[in-house]
Amino acid sequence: MVVASCAELTEPVTLPSSMTLERHDVTLMVGDLCVIHPVFIPDSLSNNTVFWMTDNPEVATFIMGDTLLGVSPGKTNAIAIAVTDYNKIDTCAVEVIERWTLPEEDFPHETIVYANVVVHGEPATDDHIIAAFIGGEVRGIGEMFEMRGHSVMRIRIHGDFVEPDEMDVQSVTLRCYTRSKHLLETFDYWLYFDGETHGTPSAPVRLEIR
């Protein structure tokens with residue numbers, strides 16, 4: 001009787017020639033979930049399992065295998081290691097930010113922006129959160145409404161009015177967080193907190209991320 005060896009009974013394992021992540025940076029709001037997909041070459045591997053970890057689980061951690069959870073504000077790295085070849089490693093930079101909420105302080109003045117918002121060639125949707133910042137603090141969050149069949153965003157920015165020669169200290173930055181893509185971007189549009197209204201519902205200013 002001839003007994004086959006273990007080598008003869010086991011199919012050879014094809015090792016990946018490369019394993020890279022589909023993206024190398026993500027931004028999450030606290031509590032948001034994100035799946036980062038690995039890309040293997042060749043893509044016909046029988047085992048394309050990845051071991052996931054982060055170097056700071058207090059900022060972000062993996063749950064349910066490949067699902068990343070934003071835990072607290074900060075920065076960390078998501079690390080992927082191919083199970084069939086521990087030499088195949090790739091990382092993704094992760095930034096976790098606070099969920100955007102309006103300040104509880106009752107500011108006496110407001111600057112209002114009516115805007116037509118376009119993100120990468122498409123009109124903004126509920127997938128986009130638009131916020132106004134002064135000194136790194138959220139002072140306004142955009143709200144969409146319909147105007148003669150078109151969507152217009154109104155951003156009410158709360159603050160204290162200052163003299164014109166002091167406006168530099170109250171410059172306003174407008175940012176967009178895209179939920180589905182876990183992407184944080186800044187509009188190339190700036191203004192000072194001046195207590196005025198910029199644009200109108202029928203003639204809004206244009207906010208665009210190209």
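Me: What is the mean pLDDT of the chain?
Reply: This is a predicted model, in which local features need pLDDT of at least 70 and side-chain atom pairs count only at pLDDT 80 or more, while totals for chains, interfaces and linings use all residues. Residues are numbered from 1 along each chain as its sequence is written, and side-chain values use heavy atoms, with hydrogens and water left out. pLDDT is the predictor's confidence in each residue, from 0 to 100. In this chain 87% of the residues reach 70 or more, and the mean pLDDT is 88.

Me: How many helices and strands does the secondary structure come to?
Reply: Helices (H or I, at least four residues) and strands (E, at least two) are DSSP runs, numbered from the N terminus. Among the contacts with a separation of 6 or more, 62% come from residues 24 or more positions apart. The secondary structure of the chain comes to one helix and 19 strands.

Me: Is Ile209 buried or exposed?
Reply: Ile209 is found in strand 19, residues 205–209, and, leaving aside residues up to four places away in sequence, Ile209 touches Val118, Val119, His120, Gly121, Cys176, Glu185, Thr186 and Phe187. With Phe187, the separation is 22 residues in sequence and 5.7 Å in space, C-alpha to C-alpha. Buried means under 20% relative accessible area, exposed over 50%, and partly exposed in between (1.4 Å probe, protein chains only). Because its relative accessible area is 5%, Ile209 is buried.

Me: How many disulfides does the count come to?
Reply: A disulfide is a covalent bond between the sulfur atoms of two cysteines, and the rule applied here asks for a pair of cysteine sulfur atoms within 2.5 Å. Cys92 is buried, with a relative accessible area of 0%, but the closest cysteine sulfur to its own, in Cys34, is 7.2 Å away and therefore too far for a bond. By this rule the number of disulfides is zero.

Me: Which peptide bond is cis, with omega near -5°?
Reply: The proline concerned, Pro42, is found in the loop between strand 4 (38–41) and strand 5 (50–54). The cis peptide bond is the one from Ile41 to Pro42.

Me: Is His182 buried or exposed?
Reply: Phi of His182 is near 50°, a positive value in a residue other than glycine, and His182 is found in the loop between strand 16 (171–178) and strand 17 (183–192). Met64 also has a positive phi, of about 50°, although Met64 is not a glycine, and Met64 is exposed, with a relative accessible area of 67%. His182 has 11% relative accessibility, so His182 counts as buried.

Me: Which residues make a nonpolar surface patch of about 420 Å²?
Reply: Patches are made of residues with over 30% relative accessible area and no salt bridge, like charges being joined within 9 Å and nonpolar side chains (Val, Leu, Ile, Met, Phe, Trp, Tyr) within 5 Å; a salt bridge is a side-chain nitrogen of Lys or Arg within 4 Å of a carboxyl oxygen of Asp or Glu. Tyr86, in the loop between strand 8 (74–82) and strand 9 (89–97), is exposed, with a relative accessible area of 62%. The patch is made by Phe51, Met53, Val83 and Tyr86.

Methods:
Contact = heavy atoms within 4.5 Å. Areas by Shrake-Rupley, 256 points an atom, 1.4 Å probe, with all protein chains shown as cover.
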